[in-house]
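Biologist: I would like to learn how to read a model feature by feature. Could we go through one together?

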Amino acid sequence: DGYASLPPQKLRWSVDVAVLAEAAKQLHQHGWPATFLTLYDEAWVMADEAARVMEKATGNVLCMDIVGFLVDPATVKGFSPHRDRQPEDWQPRGLPPDVSATFKADGMAKYTTIWAALTDAIPENSCLHFVPKECDPGYMNGDTEDGDPMQACFPSKDAYQNIRCAPVAAGGSVFHTHRVIHWGNKGRAAYAGGPRIALSFGFSAGDFEPPYLSQKCLPFPEFKLRLALASAQVLNYATLSIGDSLGWAAVAGSMAGCGASSLTKLHRLFLAQEKSFHPTYRKEIAKKFVKVALHAKEACPTQGAVPSAPSKAKSSAPAKSSKGAGPPAAAAPAGKTPTGDSDDDEDEALEAMLAAEADCGEVLFHDDFDMLNAEGSDDAPAMGGAHKRVGRKVKRRPHASGAEAKRLKKKRRLQQ
């Protein structure tokens, strides 16, 4: 079917998922996204145990695409329907656009995910839903240029009965491939059973998506690398803010309304350790940062503060093991504050463009700022990382807007 689920009795974690769930709530209260659970050793213990299972089952290795989710059904929903990877994700790495190239000779997908529930995930608080692969014409054949994959899956009323709901208890897991269409339903606002909290771990074949960090960093990366990865992953999924704001809030938490200044600070945390990451990941983060930073500046130019940078200070969150680093220090909640340095943020985004192009030796950003052409469109890709919302592709605008021309002028000035 392209997915499977296991109850907690079938895949026993050696860590207490309830402790990590409580840590996610504490992070949320202090303004940090749930993805910053990766600062704790317990998250990396889960990653290591998941990697052992997935390597035996699929041959794929942990690629460090780790994301935390906190869905309060009163205010947030899960991601909109999407596939985790599309041709624009794997073609730059040298694979042909044909979907079959993303599967191994034995039929196993070259990218797979373990979605681990840290709390009960049920329809009331937004569990995962799937379209089985046999009911999805685009699963293996690819999506048409101008067609809507969801319409292809549901050509009649009866076809909606093919949707599969995948509730799991805390400690349970859902496994799925990069091609299966999935989403989190909108929960019941009056549900009083608490938020849905989860960690997802991505696994890939080396030719499909190289690990973001060297496998030598495992099982417990240094604290500075964990901090850089968590910051980059939030940026990686920040394009959700353009087309799926409630889904973005499931990842970003109280940072969902942040402005360019906050995104810039996250980018700086990544840049401090950038050279430790694979070139393809550096390129991806640069592209995502530029897109969301410039969009955020236009959408909310005076929104700001990211919490103060996480440190090794002790806290009451999960205990630190001897091999890892401590949790982040408590910080003031993120809020709306005047920044006064929006020009500096824009300059930094443009400088990131130039640095990324110099790093990889190719043109990533065209002078007409193609990456902004999809802004405001319902068809725009809404998923960070490589997750793409299911929808029709967007046609490029032939000319840059006045704002884009201003940025182009700045870009040329910075190049001089």
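This is a predicted model: local features need pLDDT of at least 70, side-chain atom pairs count only at pLDDT 80 or more; totals for chains, interfaces and linings use all residues.

Biologist: With which residue does Asp143 meet in a salt bridge?

Modeller: In general, side chains of opposite charge can pair when their charged atoms come close. The rule used here asks for a side-chain nitrogen of Lys or Arg within 4 Å of a carboxyl oxygen of Asp or Glu. Asp143 meets Arg83 this way, at 2.8 Å from N to O. Asp143 lies in the loop between α4 and α5 (149-153) and Arg83 in strand β3, so the pair ties together parts that are 60 residues apart in sequence. Helices (H or I, at least four residues) and strands (E, at least two) are DSSP runs, numbered from the N terminus.

Biologist: How buried is Arg83, in terms of relative accessible area?

Modeller: Arg83 has a relative accessible area of 0% and is buried. Arg83 also forms a salt bridge with Asp136, at 2.7 Å from N to O. That pair links distant parts of the chain, with Arg83 in strand β3 (residues 82-83) and Asp136 in the loop between β5 (128-130) and α4 (138-141), 53 residues apart. Arg83 and Asp136 are both buried.

Biologist: Where do Asp48 and Arg52 lie?

Modeller: The general idea first: an α-helix has 3.6 residues a turn, so residues three or four places apart point the same way. Asp48 and Arg52 both lie in helix α2 (residues 41-58), four residues apart, about one turn. They form a salt bridge whose closest N and O atoms are 2.9 Å apart. Asp48 is partly exposed at 27%, and Arg52 is exposed at 55%. The count for the model comes to 10 salt bridges.

Biologist: In what order do the five strands of the open sheet come?

Modeller: Strands of a sheet pair through backbone hydrogen bonds, either parallel or antiparallel. Here two strands count as paired if DSSP finds at least two bridges between them. The order is β1-β7-β4-β9-β2, with antiparallel pairing. β1 (3-6) and β2 (61-71) stand at the edges with a single partner strand each, so one side of each has no neighbour in the sheet. From one strand to the next the twist averages 15°; axes are lines fitted to C-alpha atoms, for helices over the stretch in contact, and angles run from 0 to 180 degrees between N-to-C directions.

Biologist: How many bridges join β4 to β9?

Modeller: Seven bridges join these antiparallel strands, and β4 (residues 111-117) pairs with β7 (residues 173-177) over five bridges, also antiparallel. Thr112 shows both sides of this: its bridge partner in β7 is Thr177, and in β9 it is Phe203.

Biologist: Is β4 enclosed or open to the outside?

Modeller: Seven of its seven residues are buried, so β4 is largely enclosed by the rest of the structure. Tyr111, Thr113, Trp115 and Ala117 are buried on one side, and Thr112, Ile114 and Ala116 on the other.

Biologist: Which residues have the most contacts inside the largest nonpolar core?

Modeller: A nonpolar core is a set of buried Ala, Val, Leu, Ile, Met, Phe, Trp, Tyr and Cys residues joined through side-chain atoms within 4.5 Å. The largest has 91 residues, and those with the most contacts inside it are Phe36, Leu37, Met46, Trp115, Leu118 and Phe201. Helix α6 (residues 223-236) gives the most to this core, with nine residues. A second, separate core has eight residues, including Val131, Cys135, Met150 and Ile181.

Biologist: How far apart are the end C-alpha atoms of helix α9?

Modeller: The expected span of a helix is 1.5 Å times one less than its number of residues. For the 12 residues of α9 (residues 260-271) that should be 16 Å, and the end C-alpha atoms are 16 Å apart, which agrees. Buried residues of α9 include Leu263, Leu266 and Phe270.

Note on methods: Residues are numbered from 1 along each chain as its sequence is written. Side-chain values use heavy atoms; hydrogens and water are left out. Buried means under 20% relative accessible area, exposed over 50%, partly exposed in between (1.4 Å probe, protein chains only).
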